Amino acid sequence: METKSGSCHCNSITFEVDLANGLENLRRCNCSLCKKKNAIMACVPVEHFRILTGKNSLSVYKWNTRVAEHFFCSICGIYTHHRRRLNPMEYGFNVACIDGIDPNELTNVTIFDGTTLSLVASK
Ligand SMILES: [Zn+2]
């Protein structure tokens, strides 16, 4: 298990994520929220994601079925993580928030069809 640290832009929110196999199953989602967020995400079990600082700065956005919880920093606005609607025992997190990651260098990012809930394409 490898632990990586991450933060929002203003560093109010810092977190740690435990990765069993590094950064894998990277995806973008095409739902109406994610296409505007345009983040590359990965998922971990909720117990593998810990907010270290800034809990009070977290805001949550809910929409549609209001099951998923989309967390973002109330100061700088950056999306950090979300509790998934499909699997509430997992958090998705913003790969670009991980220290030292350049999202433009990531390959093997899959497009997740959030409107039909299926994987549609790889690139
Ligand atoms: Zn922030």
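Mentor: A residue is called buried when its relative accessible area is under 20%, exposed when over 50%, and partly exposed in between, with a 1.4 Å probe and protein chains only. By that criterion Phe-15 is buried, at a relative accessible area of 0%. This is a predicted model, in which local features need pLDDT of at least 70 and side-chain atom pairs count only at pLDDT 80 or more, while totals for chains, interfaces and linings use all residues. Residues are numbered from 1 along each chain as its sequence is written, and side-chain values use heavy atoms, with hydrogens and water left out.

Trainee: Where do Cys-8 and Cys-73 lie?

Mentor: Strands (E, at least two residues) are DSSP runs, numbered from the N terminus. Cys-8 is in the loop between β1 (2–7) and β2 (14–19), and Cys-73 is in strand β7 (residues 69–73), so the pair ties together parts that are 65 residues apart in sequence. Both Cys-8 and Cys-73 are buried.

Trainee: How many aromatic pairs does a search of the whole structure find?

Mentor: Rings of Phe, Tyr and Trp (its six-membered ring) pair if their centres lie within 6.5 Å; planes under 30 degrees apart count as stacked, over 60 as edge-to-face and the rest as tilted. The search finds three aromatic pairs. One of them, Phe-15 with Phe-49, is stacked, at 4.8 Å centre to centre and 25 degrees between the planes. Phe-15 lies in strand β2 and Phe-49 in strand β5 (residues 49–53), so this pair joins parts 34 residues apart in sequence.

Trainee: Is Phe-49 buried or exposed?

Mentor: Phe-49 is buried, with a relative accessible area of 6%. Its ring and that of Tyr-91 have centres 5.4 Å apart and planes at 65 degrees, so the pair is edge-to-face.

Technical notes. Helix = DSSP H or I, 4+ residues; strand = E, 2+ residues; numbered from the N terminus.
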